Each structure stands twice: as C-alpha cells, then as structure tokens.
Amino acid sequence: MFKSAIHEDSWPIWMAPLTRSRASQPGNLPTELHAEYYAQRAHPENGAVVILSEATPVTPAGHGYFATPGIHTPEQVTGWKKVTQAVHAVGGKIFCQLWHVGRVSHVSLQPEGQPPVSATAVNGGGKTYIDADGTRKAVSDPRALLESEIPAVVEEFRLAAARCMEAGFDGVEIHGANGYLLEQFLRSGINDRTDGYGGSLDGRMRFSLEVAEAVVREVGSDRTGYRISPIGGEADGQRHDHNMLETYGTLADRLAEMKIAFIDVVESFSVGVREEGLDRICARIREAFDGKERGLYVAGGGYTRETAREALDSGKCDAVMFGRDFISNPDLRRRLREDLPLTPWDRKSFYLGGAEGLTDWPLAEEKE
Ligand SMILES: Cc1cc2nc3c(=O)[nH]c(=O)nc-3n(C[C@H](O)[C@H](O)[C@H](O)COP(=O)(O)O)c2cc1C
C-alpha cells in the first residue's frame, strides 16, 4: 500500500503507538479528544506518514491499565470512527494497534475480577495503574490459558481486526512486543507450557502465527503490520529468552512469508542505548523484511534526527517511528525535515487526565 510512497519520501517518519489512558468511562471509549489529538499529528507533509494508534485491547480480558480505549464493543467502534474520519479529513493514515496484555493486569481491570490470563501461571512482576487517580498496584497472579481456550483468543483478535475495518482504520498492527500476551507465549523463559503452544520454538511461535494468520485472513496482508521488541531478553529475568537471534529471526521469516506490510521493531527503550547483540538480530530481521520483495522494516525506539537519517541512508530500515517526540511535536516530520528545534515532552502528562499535555502542544513557527 505504501511502498512506493515510502521510497519516494526522504523523511518517512511514522508515529509510534502511544498509550495515553484518556478513554471515557464507563466503557473505555475513544472520544472527540482522541480525534483531535490524532488529527493534529496526521498532516501528510508535517505529521506522520502513518500513525499507529495507542494499544487497543481486543477483548475485556485484554485490558491491563485504566482508561485504555478498546475495540470490542459497538460503542468503541463508533468512537474510533470519529478518530479515523478526523485523520482522513486532513489526509492522514492510521492503523489500530491490537492488544492483549496477558498477565500484565490487575484483577480490578478484569471481567468479574477474574485472574488475568497468560501462557503461564507465573507472575511477571511490576505494577499497573488501576484508576483515574493513577493508583498503582502489583499485577495479579495470572492463570495459564488451557490449550482448548486458545482458539477463542485467536478469534478475538480476528473479530477486533474486522471491527477496525468497520471503524475505518487503514490497517492493523498486531502488538507482539513489550512483554504482553504474544511475547509471553514466544519467549522460552516465560512460556513453561508442555502442550502444543509451548516447548519448541515452533510451539512457542504458534499462538503469534495463528493470530497473524487470522488477522491477515480478515483484513488482508497489505493492511497488516506486526510489532516486536527483540530486546530485554538476555538481561531481564522477567522476559528471558534463551536465543533471541533464533527466536526473532525465525518469527520474522514466518511473518514475512505471510507477506504482511511491515514489521515494526522496537530497538530500544531509551535514547542512545543499544543492547549488545541487537545489531545482529536487526540485520537478520532486515533480511526477512527487505522493503522490496518483502514487507517494510520500520525501526523505532530512542531515535533522534541524526540516527534516523543515518539508519535510513544506510538502508537498515525503510521508515523510522518516533514515540515521545510525537507527543510534544504534532508537526514532528516537518521539524525533522527542516531541522527545527523540538519541544521537549513532559512525562507527567503521558498517562491519564484530559486535554492538557495531549492536544495543547504548539506547532513550529511558520518560516518567513
Ligand atoms: C507514554 C508512552 C506510551 C506508550 N504506549 C505504547 C503502546 O500503547 N504500544 C506500544 O507498542 N508501545 C508503546 N510505547 C512505546 C513506544 O511506542 C516507543 O516504542 C517508545 O516510546 C520508544 O520510542 P521513542 O524513543 O521514539 O519514544 C509507549 C511509550 C510511551 C512513552
């Protein structure tokens, strides 16, 4: 869909998925405020080439933080329609990021107060916020999904993808990154199953690939992207994987065979930090997603104007995704292209609250 547009554009900058926790209650609905926020960042010249929506739970059990807008009810579809119409009205494109948090949740956010579900019954640690005041609680002990329950979860992703089309999204991105449900199945240090969804790499990849196949069947491969984060696996005890190169290289090969439009690779969580071994993994993924015969490689995580330019010019990726800088610079692409100063972001307004810190960021001054 956008290969030709990407290759003709010297600043192919995308907006990363960013949870902002401002869904209206009850019902976790996207509102006019969401429409305004995304439209501000959708300008075809100055905003993102493609916007990835904030992570959007596909089912009630997929929620793990307060006030994240879902895509599992008709009212949510109606809310998202406002967003896609506003983005399209200014000439932009928006994909919906499909999310299931798995074990990163608290019983108070789960249907009927049930334990969150996962690949495992082991608690992953960490905290989440459970109300509008930002009260933080330790994540609850999960329950391992039964093998017989997994097809229904795959179906929830497919149905959510169908609802995204109804809501007018240009496509969907499957959230396979950052420690959530798909990654809980994928990583050898988390997945302790002995059934057909565990054990060998094929077993551990099975859930992710079934979700991708179901989504591709529903919306088409050219409207499907997939986010991975091949980091944190060596050092992080909670997210360990014994062979990151093999795990992510093989997964990328399988996804590329499905001819999905792009792979979105979270390469870092902070500016200037790249894990040892990451470059080999990225090069391996680049072979699978060459941006020519195969889908695009979209790089993200800790990029600056300089490192983005370097990565694009060297052919390491086809586009670069920016997260935090897009929060405080709605016209980020113009600022990068014209080398204008960036407004610094403010962590205090990342999550919860209203318009403040969401829709009130200034555009760069017009040049004389
Ligand atoms: C406030 C905030 C919310 C985020 N929400 C999501 C999300 O919903 N889905 C996701 O995949 N990543 C999420 N991330 C990670 C970003 O997409 C991105 O990978 C990260 O910010 C690093 O990129 P950056 O250095 O350009 O900000 C979030 C990050 C921040 C700061």
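User: Which residue stands opposite Q97 in β8?

Analyst: That's E173. Before going on: this is a predicted model, where local features need pLDDT of at least 70, side-chain atom pairs count only at pLDDT 80 or more, and totals for chains, interfaces and linings use all residues. Residues are numbered from 1 along each chain as its sequence is written.

User: How many bridges join β3 to β8?

Analyst: Two strands pair if DSSP finds at least two bridges between them. In this case there are four, and β3 and β8 run parallel. L98 facing I174 in β8 is another opposite pair. On the other hand, β3 is also joined to β2 (residues 51–57), again in parallel, by five bridges, with L52 opposite F95. To get from β2 to β3, the chain passes through helix α3 (residues 74–89) in a right-handed β-α-β crossover. Right-handed means that, with the strands pointing away from the viewer, the path from the first strand over the helix to the second runs clockwise.

User: Why is β3 largely enclosed by the rest of the structure?

Analyst: Start with the rule: a residue is buried if 20 or more other C-beta atoms lie within 10 Å of its own, exposed if 12 or fewer, and partly exposed in between, with C-beta atoms placed from the backbone. Six of the six residues of β3 are buried, so the strand is largely enclosed. In a regular strand, side chains alternate between the two faces of the sheet. Here I94, C96 and L98 point one way, while F95, Q97 and W99 point the other way. As for β8, five of its five residues are buried: G171, E173 and H175 on one side, V172 and I174 on the other.

User: Which residues touch the most other members of the largest nonpolar core?

Analyst: A nonpolar core is a set of buried Ala, Val, Leu, Ile, Met, Phe, Trp, Tyr and Cys residues joined through C-beta atoms within 7 Å. The largest one has 95 residues, and W14, Y38, I263, I285, V298 and V320 touch the most other members. There's also a second, separate core of five residues, including L29 and F66.

Note on methods:
Helix = DSSP H or I, 4+ residues; strand = E, 2+ residues; numbered from the N terminus.
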